[in-house]
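Please read this note with the model open beside it. The points are numbered so that each can be checked on its own.

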Amino acid sequence: MSEKQDITPETKLNTKDEQLTSLKAVAEFYKGLAKFRQQVKAPSKNGHVDFQTRGGRKKYDYVLLDDLIKAIDNGIKDTGLAWNQEVETVSGGIKVRTLIMSESGYQYTSPWLGLQSAANPQDVGSAITYARRYSLGTTFGINSEPDDDANEVGEPKKPAAKPQAQSANTAKQAPRTAPKTKTLLEKQLDEFKDKVNKSAKIMTMTPADLMKQVAEKAGVKNPRKITKQDITAMLRELKTEYMEYQNTAQKEANETSDEAFANLGV
């Protein structure tokens, strides 16, 4: 058996002092957080998404990670606060959490935010960027997500032109050529186009529109002369566009579910 510890007046005093110190540290933390809320300026939503759906064209804006970080760093000056983020890779994805530290010694740690991701570096990088932005925005109370009132504009679709059938005589006269061996760059481009086609199908937009949108955001000036660096940049933008679409779709699904439940009258 362990010896019973004697509780002396000095012990009680030390405990009260520790509790008082802890309360003061928490108070200083929230005092700094309140000052931050007064100083911070909402960052502009410089991220833009524009894609075609079956119901029309959908557009929405969101805050880029760099703009969010800049707004927080400006707003946190002279508050006695500092922040940091921890990123860990886990099986099948990544997880991120945000920490806010106070000069008083108190520290707030947000819950882990986990996202699934493919094993390739582009997907992992895009997942980390999205998770960092979401965790940072929610922890500091800054809205960085897409606007709820996403703009939809219906556009009539032009009928697809019917392909002309090739005559039997022309087919017979066509010369036979040996299959061409694709270069590594061509294979990478084919893989990227396959991702675009699959993503466009899920996002209910045309592959051509999605390809054009991703190329513009990646800064690809000449789509006919695409380099390996261009493909890497476009893959990163494609991942971001896809994750933004998934997040918006999930928010709309949650709102629909809440509305349906409210109509039950229970």
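1. Basis. This is a predicted model, in which local features need pLDDT of at least 70 and side-chain atom pairs count only at pLDDT 80 or more, while totals for chains, interfaces and linings use all residues. Residues are numbered from 1 along each chain as its sequence is written, and side-chain values use heavy atoms, with hydrogens and water left out.

2. Fold. The chain has 7 helices and 7 strands. Helices (H or I, at least four residues) and strands (E, at least two) are DSSP runs, numbered from the N terminus. Read from the N terminus, the order of elements is α-β-β-α-β-β-β-β-α-β-α-α-α-α. Among contacts in the chain with a separation of 6 or more, 60% join residues 24 or more positions apart; contact means heavy atoms within 4.5 Å.

3. Surface. The accessible surface of the chain is about 18300 Å², and carbon and sulfur atoms account for 51% of it. Areas come from the Shrake-Rupley method with a 1.4 Å probe, and for residues only the protein chains shown count as cover. Of the 266 residues, 30% count as buried. Buried means under 20% relative accessible area, exposed over 50%, and partly exposed in between (1.4 Å probe, protein chains only).

4. Largest nonpolar core. Which residues touch the most other members of the largest nonpolar core? They are Phe51, Phe192, Leu210 and Met234, in a core of 19 residues. Strand E1 (47-53), strand E2 (56-62), helix H5 (184-202), helix H6 (207-217) and helix H7 (228-262) each give at least two residues to this core, and H7 supplies the largest share, 5 residues. A nonpolar core is a set of buried Ala, Val, Leu, Ile, Met, Phe, Trp, Tyr and Cys residues joined through side-chain atoms within 4.5 Å. In soluble globular proteins, nonpolar side chains tend to be buried together.

5. Not counting residues up to four places away in sequence, Leu210 touches Val196, Ser199, Ala200, Met203, Met205 and Leu238.

6. Largest pocket. The largest pocket holds about 350 Å³ of space. On a 1 Å grid over the protein atoms alone, a pocket is an open set of points where a 1.4 Å probe fits, with protein on both sides within 12 Å along at least five of seven lines; lining residues have an atom within 4 Å of a point. Grid points are joined across faces, edges and corners, and the volume is the space filled by probe spheres set on the points.

7. Pocket lining. Of the 16 residues that line the largest pocket, Tyr62, Leu64, Thr129, Glu237 and Thr240 are the closest to its centre. E1, helix H2 (65-75), helix H3 (121-140) and H7 each give two or more residues to the lining. The lining divides into 4 nonpolar, 6 polar and 6 charged residues. Here Ala, Val, Leu, Ile, Met, Phe, Trp, Tyr, Cys and Pro count as nonpolar, Asp, Glu, Lys and Arg as charged, and the others, Gly among them, as polar.

8. Arg37. This residue sits in helix H1 (residues 9-39). Arg37 counts as partly exposed because its relative accessibility is 43%. Not counting residues up to four places away in sequence, Arg37 touches Phe140, Gly141 and Ile142. Arg37 and Phe140 are 103 residues apart along the chain, with their C-alpha atoms separated by 8.5 Å.

9. Positive phi values. Asp78, in the loop between H2 and strand E3 (81-90), has phi near 60°, a positive value in a residue other than glycine. Its relative accessibility is 69%, so Asp78 counts as exposed. Thr204, in the loop between H5 and H6, has a positive phi near 50° and is likewise not glycine. Thr204 is partly exposed, with a relative accessible area of 24%.

10. Gly219 lies in the loop between H6 and H7 and is partly exposed at 47% relative accessibility. The C-alpha atoms of Gly219 and Met234, 15 residues apart along the chain, are separated by 8.5 Å.
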